[in-house]
Amino acid sequence: MATGSNSLIWFRKGLRVHDNPALEHASKASSGSMYPVFVIDPRYMEPDPSAFSPGSSRAGVNRIRFLLESLKDLDSGLKKLGSRLLVLRGEPGEVLVRCLQEWKVKRLCFEYDTDPYYQALDFKVKEYASSVGVEVFSPVSHTLFNPTDIIQKNGGKAPLSYQSFLKIAGEPSCAESELLMSYSSLPPIGDVGSIGVSEVPTLEELGYREDEQDEWTPFRGGESEALKRLNNSISDKAWVANFEKPKGDPSAFLKPATTVLSPYLKFGCLSSRYFYQCLQRVYKDVKKHTSPPVSLLGQLLWREFFYTTAFGTRNFDKMKGNPICKQIPWKEDHDMLAAWRDGKTGYPWIDAIMVQLLKWGWMHHLARHSVACFLTRGDLFIHWEQGRDVFERLLIDSDWAINNGNWMWLSCSSFFYQYNRIYSPVSFGKKYDPDGKYIRHFLPVLKDMPKQYIYEPWTAPLSVQTKAKCIVGKDYPKPMVMHDAASKECKRKMGEAYALNKKMNGNIGDDDLKDLRRKLETDEESNIRNQRPKLNQVLKYLMRF
């Protein structure tokens, strides 16, 4: 049995050795053994055959694979320092309690997490630890700022605009601090007793098949990959200095137009504090550079903004009961949702993006904007929560705070309210990629379609469709809505919903929403009836030729 002052470092996110205050504290404070632990949570990792894509009930297989690669890399890093990762399975709270008892742990260290799931879990674990005299060290290191501090500085409320957030936040405390980037060695692992520990499992050992997907994400998980990708990005100082969002090509896929560091920040394979310091060094070395919100540093601070707002807003992941979210009578249409999710809307730009998401678990931020707008306020008027669920499952960088915040933003439910500004599912993509290379790659059925029809294949003459071996309505779907009419209808509905929110001062009940939904549907049916005679006249006129 292990004796002495033993420490346990519990990895969840923060899957790295560099700049890891929880690991640093566990290793320094341990006069005995140190147990580095990761718990495989069945809720997150077990295969779910009923899900719409390969993966568990909560995560697509791309993200599970990325996590396993990150754990493998962490294990490798720990082994070089005389330690290793102890992988256990089960409900994390129960597993942790068993470990604390069996290994006579005096110190439990883990990175603070603002996600509601971990807030509830950590409360239980901390409660048990304090009841048995185990010291708990849970530092804020997943973000640059402690969201609690920002909220306190703002009078107990989360700042609801990016600019107000920046003003309150100021400079992070890590700006000048020296980060511990490496170790010469770590304390040894003690006797694990009767607790069954294992190496990092493979996908197959978790019950998945390697051939489950015909294409995997090209992005490999792990700290080593994160640091390599970071170094590649910051070595081009001119690129870093001139980076300007929202500029950037959403159709670039072989060499994406961004750093693709988001999944590494999500899993904590890369320290946001180290990333911050690297950017500041580049900015000092160049004559001029872009600034937040559009700069690369600005993107890191957007992450902080959403983390703080999410932490300080009740029901942040819902429309109902969420004080910052507009109440809108979105419609329920499972067939439309499935067509959007599966890349079968009939709009090649939208479908190619959704296929990239299904295959790679990633797409450019402007591509995300396009498909989110199309699903919600742009064309289909379907609830942002349903789109959020699809992203939450499939994205390798799916992050609770950022995903929910962006879906509210893009559906004009919160943060951004200019609902008349809509991404065209045709002209927006064409602006970046007039030849349709992106579409041809992710939708090979359209690879031979001439470029003048690639974004609107339904407008191609039948002879052209035949030659391209792609008959619209047979080989590729017809558009599920006509964008001009659908977007006009969506704007009308958003206008009425906004008016009701204003009139009721946001205090809208279920009955109010039902009444508005009925009214909008009645008005829509009436508009369609009124348009039919005009359409028939046009058809009669065309038939004369």
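The legends below describe close-up views of a predicted model. Residues are numbered from 1 along each chain as its sequence is written.

View 1. The protein is divided into domain 1 (1-140), domain 2 (143-179 + 222-312) and domain 3 (334-510), with bounds that come from an automatic or database domain assignment. The C-alpha centres of domain 2 and domain 3 lie 27 Å apart, and the contact (heavy atoms within 4.5 Å) takes 23 residues from domain 2 and 26 residues from domain 3. Between them the two domains bury about 2100 Å², 74% of it on carbon and sulfur atoms; buried area here is the accessible area (1.4 Å probe) that two parts lose on being put together, summed over both. In domain 2, Pro250, Phe253 and Phe306 lose the most area to domain 3, together 35% of what that side buries.

**View 2. Polar pairs and elements at the interface of domain 2 and domain 3.** The count of salt bridges between domain 2 and domain 3 is zero, a salt bridge being a side-chain nitrogen of Lys or Arg within 4 Å of a carboxyl oxygen of Asp or Glu. Three residue pairs are in polar contact across this interface, both residues at pLDDT 80 or more; a polar contact is a pair of N or O atoms within 3.5 Å, where, within protein, one must be able to donate a hydrogen and the other to accept it, and residues adjacent in sequence count only if both atoms are side-chain atoms. Helix H10 (262-266) and helix H12 (296-311) are the elements that give two or more residues to the side of domain 2 that touches domain 3, and H12 gives the most, with seven residues. Helices (H or I, at least four residues) and strands (E, at least two) are DSSP runs, numbered from the N terminus.

**View 3. Helix H4 and what covers it.** In helix H4 (residues 92-102), Pro92, Gly93, Val95, Leu96, Cys99, Leu100 and Glu102 are buried, where buried means under 20% relative accessible area, exposed over 50%, and partly exposed in between (1.4 Å probe, protein chains only). The cover over these residues includes strand E1 (6-11), strand E2 (34-40), strand E3 (86-89), strand E4 (105-109) and helix H5 (116-131).

**View 4. The surroundings of Tyr455.** Tyr455 lies in the loop between helix H19 (437-442) and helix H20 (462-467), and counts as buried because its relative accessibility is 1%. Leaving aside residues up to four places away in sequence, Tyr455 touches Pro348, Trp349, Val426, Gly429, Lys430, Asp433, Pro434, Gly436 and Ile439. A polar atom of the side chain of Tyr455 lies 3.2 Å from the backbone oxygen of Gly429.

View 5. The peptide bond from Pro292 to Pro293 is cis, with omega near 10 degrees, and Pro293 is found in the loop between helix H11 (272-285) and H12. Cys412, in the loop between helix H17 (400-410) and helix H18 (427-432), has a positive phi of about 60 degrees although it is not a glycine, and counts as buried at 0% relative accessibility. Asn505, in the loop between helix H21 (483-503) and helix H22 (510-543), has a positive phi of about 55 degrees although it is not a glycine, and counts as exposed at 64% relative accessibility.

Methods:
This is a predicted model: local features need pLDDT of at least 70, side-chain atom pairs count only at pLDDT 80 or more; totals for chains, interfaces and linings use all residues. Side-chain values use heavy atoms; hydrogens and water are left out.
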